[in-house]
Amino acid sequence: MNQLFDLAGQVAIVTGTSRGLGQYFGRALARAGADLVITSRHLESLSSFEEEIRSLGRRVLPLELDVRNRPSIERMVAQADAAFGRIDILVNNAGCNVRKPALEVSWEDWNLVLDTNLRGSFFVAQAVARRMIPRGYGRIINIGSVTSVAGYAGLGPYGASRGGIRQLTMSLADEWGRHGITVNCLAPGWFRTEQNKVLYENEKWVEYLCDRIPLKRPGEPPDLDGALVFLASESSRYVTGQLLLVDGGISTGATRAMVQKTA
Ligand SMILES: NC(=O)c1ccc[n+]([C@@H]2O[C@H](COP(=O)([O-])OP(=O)(O)OC[C@H]3O[C@@H](n4cnc5c(N)ncnc54)[C@H](OP(=O)(O)O)[C@@H]3O)[C@@H](O)[C@H]2O)c1
């Protein structure tokens, strides 16, 4: 049974591993046996994570990557392939957010979010798939969000990018399935990380959030480990083009509010 989740001898690229969810994703894959390529726009910010992964007995290669820059993407993937001779798993995690009322979103805000989250993920997947296709195997995991399926005020460009990621996942799954590549979207709900630190500093907001989550708490990054390793491993071999929400149930809707209204 455990072999279903065993990643020994496999090589995974996790983009955006200088902090936050990316480090948890890398850690989960390394614990399951994978060697890792870790990335950041600032190589020096990867040093302690690199040490941590090495101490688990895995090979690890830190590489510079700016997903808004095409040559940077091509360079990172070529270096990873040259170093390990294979890429089995890609976790398209690098991303950013601009939280603003729609009327205040600038042209530049829109470009930043869409270029990073959507265009960046596509071109990293494309560069990686060029190496996966000849080997007839690959697992691509795009990081989506609960905003892939629900609208939230103040998250217009972000939601558009995450909805796009869901759609992209289905298209790439359809196109690359014949090459033995699965493409799925792992969609976290509300997790406490650097990206949304400001929100979690507001106790009232946390209370409001927990009230709307059926499991009554925000996500903690290790809550994503099982779903990630599932999508990265043999255990998901007949699963492709899917969105897997790990969100404590918040995407189920406003059931509680309806009960309160009618009670
Ligand atoms: N936290 C949540 O609740 C949540 C929920 C759903 C989805 N997500 C998504 O999950 C991913 C990770 O979230 P997080 O909360 O861990 O975010 P985070 O703490 O802000 O980390 C974002 C990571 O992305 C990298 N990155 C940003 N812009 C980049 C660029 N242009 N090129 C390459 N790398 C770039 C950053 O690396 P450098 O700055 O070092 O380059 C960093 O490692 C994001 O895509 C986010 O949208 C998060």
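How many bridges pair β6 with strand β7 (residues 243-246), and in which sense do they run? The legends below get to that. This is a predicted model, in which local features need pLDDT of at least 70, side-chain atom pairs count only at pLDDT 80 or more, and totals for chains, interfaces and linings use all residues. Residues are numbered from 1 along each chain as its sequence is written, and side-chain values use heavy atoms, with hydrogens and water left out.

**View 1. Strand β6 and its partners.** β6 and β7 pair in the parallel sense over 4 bridges; strands count as paired if DSSP finds at least two bridges between them. Helices (H or I, at least four residues) and strands (E, at least two) are DSSP runs, numbered from the N terminus.

View 2. In strand β6 (residues 181-188), 8 of 8 residues are buried. Buried means under 20% relative accessible area, exposed over 50%, and partly exposed in between (1.4 Å probe, protein chains only).

**View 3. The largest nonpolar core.** A nonpolar core here is a set of buried Ala, Val, Leu, Ile, Met, Phe, Trp, Tyr and Cys residues joined through side-chain atoms within 4.5 Å. The largest one has 29 residues, and F25, L29, L36, V91, I141 and L186 have the most contacts inside it. Elements giving two or more residues to this core include α1, β2 (35-40) and β5 (138-143). A second, separate core of 27 residues includes I13, A125, M132 and I140. Zooming in on I141, its touching residues (heavy atoms within 4.5 Å) include V91, N184, L186 and L228, leaving out residues up to four places away in sequence.

**View 4. N93 in its loop.** N93 is in the loop between β4 and α4 (107-135). N93 is buried, at 12% relative accessibility. Beyond four places in sequence, N93 is in contact with V14, T15, G16, L21, G22, F25 and I143.

View 5. A disulfide is a pair of cysteine sulfur atoms within 2.5 Å, and the structure holds 0 of them. For C96, the closest cysteine sulfur is in C185, 16 Å away and so too far for a bond. C96 is buried, at 16% relative accessibility.

**View 6. Salt bridges.** A salt bridge is a side-chain nitrogen of Lys or Arg within 4 Å of a carboxyl oxygen of Asp or Glu, and the count comes to 13. One of them joins D35 and R59 (3.1 Å, N to O). D35 lies in strand β2 and R59 in the loop between α2 and β3 (60-64), so the pair ties together parts 24 residues apart in sequence. D35 is buried at 9%, whereas R59 is partly exposed at 44%. D81 and R131 also meet in a salt bridge (3.6 Å, N to O), linking helix α3 to helix α4 across 50 residues.
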